[in-house]
Amino acid sequence: MVTTHKFASVFRAVNVKPITLHIGNSKLTFRSLQDFTFVLAPWTSTPAARLAKVMQSSPANLTQEALEIQKLGVRLKLLIGTQPKVDEEFIAELRALELHAFTNDYGWRSLFNALIEALPKSA
């Protein structure tokens with residue numbers, strides 16, 4: 001699982017200035033990584049409706065989903081761990097990730113896309 005501290009590079013990239021994310025019709029502004037972590041912490045639990053759906057899935061489907069999540073986690077970890085700075089290559093790699101692999105619970109796909117869009121266009 002990717003935790004919010006992994007996105008510290010986003011805040012470093014904007015020189016610790018507040019970062020504003022546009023998600024749908026909402027605008028969220030974070031003044032620090034701590035603000036970001038605080039706001040997103042409740043979004044890391046699995047909603048009850050999702051658990052009910054998971055309980056109805058076959059073991060094969062659950063295994064496939066777990067493997068996809070694990071692959072995405074490894075890709076993110078490698079990408080974030082090997083990039084010393086946020087640059088055009090880093091942003092292109094983030095955009096190449098399959099956002100459909102992120103859960104859409106709590107709007108995580110939109111949030112991740114907004115994080116990518118908030119990165120400086122040239123570093």
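Q: Where does F102 sit?
A: F102 is in the loop between α5 and α6. Helices here are DSSP runs of H or I with at least four residues, strands are runs of E with at least two, and both are numbered from the N terminus. Bear in mind that this is a predicted model, where local features need pLDDT of at least 70, side-chain atom pairs count only at pLDDT 80 or more, and totals for chains, interfaces and linings use all residues. Residues are numbered from 1 along each chain as its sequence is written, and side-chain values use heavy atoms, with hydrogens and water left out.

Q: Is F102 buried or exposed?
A: F102 is buried, with a relative accessible area of 11%. Buried means under 20% relative accessible area, exposed means over 50%, and partly exposed is in between, using a 1.4 Å probe and protein chains only.

Q: And what does F102 touch?
A: Not counting residues up to four places away in sequence, F102 touches L72, L76, R109 and F112. A contact means heavy atoms within 4.5 Å.

Q: Which residues make up the largest nonpolar core?
A: That core has twelve residues: L72, L76, L79, I80, F90, I91, L94, L97, F102, F112, I116 and L119. A nonpolar core is a set of buried Ala, Val, Leu, Ile, Met, Phe, Trp, Tyr and Cys residues joined through side-chain atoms within 4.5 Å.

Q: Which helix gives the most to it?
A: α4 does, with four residues. Helices α4 (59-82), α5 (88-96) and α6 (108-118) each supply at least two residues of this core. There is also a second, separate core of ten residues, including I19, I23, L111 and L115.

Q: OK, I23 then. What's around it?
A: I23 is found in strand β1, residues 19-23, and is buried at 17% relative accessible area. Leaving aside neighbours within four places in sequence, I23 is in contact with L28, S110, L111 and A114. I23 and L111 are 88 residues apart along the chain, yet 6.4 Å separates their C-alpha atoms.

Q: Back to the helices: at what angle do α5 and α6 pack?
A: At about 160°, with their axes 10 Å apart. The axes are lines fitted to C-alpha atoms, for helices over the stretch in contact, and angles run from 0 to 180 degrees between N-to-C directions. α5 and α6 are therefore roughly antiparallel to each other; under 35 degrees counts as roughly parallel, over 145 as roughly antiparallel, 65 to 115 as roughly perpendicular and the rest as oblique.

Q: Which residues meet there?
A: I91, L94 and R95 in α5 meet F112, I116 and E117 in α6.

Q: What about E93?
A: E93 lies in helix α5 and is partly exposed, with a relative accessible area of 37%.

Q: How many aromatic pairs are there?
A: The structure holds one. The rings of F30 and F36 have centres 5.1 Å apart and planes at 85°, so the pair is edge-to-face. Rings of Phe, Tyr and Trp (its six-membered ring) pair if their centres lie within 6.5 Å; planes under 30 degrees apart count as stacked, over 60 as edge-to-face and the rest as tilted. F30 counts as buried at 2% relative accessibility, and F36 counts as buried at 1%.

Q: Last one: what's the overall pattern along the sequence?
A: The chain reads α-β-β-α-α-α-α-α, which comes to six helices and two strands.
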